[in-house]
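Biologist: I am new to this structure. Can you walk me through how to read its features?

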Amino acid sequence: MTEALATEAVGEAAVPRFARGVKFRFDETRQSWMVLAPERLFLPDEAATEILKLVDGQRSLGAIIDDLATRFDVPRGEMAGDVGGMLRDLAEKGVVLL
């Protein structure tokens, strides 16, 4: 199974975490959140930042989706698509492990 197919097949019980060497930090100088990866820098938008704040290596994908759907009053199915899509994209870039 290819890595891309493996991430698409991941279920809500999966526990996303940042890959080795990747850091998610608030930069005081820029006053913004950033993902620092080896030789790469990502500046997530507000929605992505809210998702990434919940990636702690302990919460399941389902718990992250539930938290955000409740907090932002968005239908769970819609939130699941958005969160899953973003995390799959970051997994393909080697930033997040699912």
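Modeller: Start with a definition. A polar contact is a pair of N or O atoms within 3.5 Å, where one must be able to donate a hydrogen and the other to accept it. Keep in mind that this is a predicted model.

Biologist: With which side chain does the side chain of Glu50 make a polar contact?

Modeller: With that of Lys53, at 3.5 Å. Glu50 itself sits in helix α2, residues 46-52.

Biologist: Which residues does Glu50 contact, leaving aside neighbours within four places in sequence?

Modeller: Contact means heavy atoms within 4.5 Å. For Glu50, the partners are Leu68, Arg71 and Phe72.

Biologist: Which residues of helix α3 are buried?

Modeller: Buried means under 20% relative accessible area. In α3, residues 61-71, these are Leu61, Gly62, Ile64, Ile65, Leu68 and Ala69. Viewed down the axis of α3, the buried residues fall within an arc of 160 degrees, so they line one face of the helix.

Biologist: What do the buried residues of α3 pack against?

Modeller: Against α2 and α4, the latter spanning 76-92. After α3 comes Asp73, with a positive phi near 50 degrees.

Biologist: Now the sheet. What is the order of its strands?

Modeller: The order is β2-β3-β4, in an open sheet with antiparallel pairing. β2 (23-27) and β4 (40-42) are at the edges with a single partner strand each, so one side of each has no neighbour in the sheet. From one strand to the next, the twist averages 30 degrees.

Biologist: How many bridges pair β2 and β3?

Modeller: There are 5, in the antiparallel sense, and β3 covers residues 32-37. Take Phe24: its bridge partner in β3 is Val35.

Methods:
Residues are numbered from 1 along each chain as its sequence is written. This is a predicted model: local features need pLDDT of at least 70, side-chain atom pairs count only at pLDDT 80 or more; totals for chains, interfaces and linings use all residues. Side-chain values use heavy atoms; hydrogens and water are left out. Two strands pair if DSSP finds at least two bridges between them. Helices (H or I, at least four residues) and strands (E, at least two) are DSSP runs, numbered from the N terminus. Axes are lines fitted to C-alpha atoms, for helices over the stretch in contact, and angles run from 0 to 180 degrees between N-to-C directions. Buried means under 20% relative accessible area, exposed over 50%, partly exposed in between (1.4 Å probe, protein chains only). The arc is that of the directions from the helix axis to the C-beta atoms.
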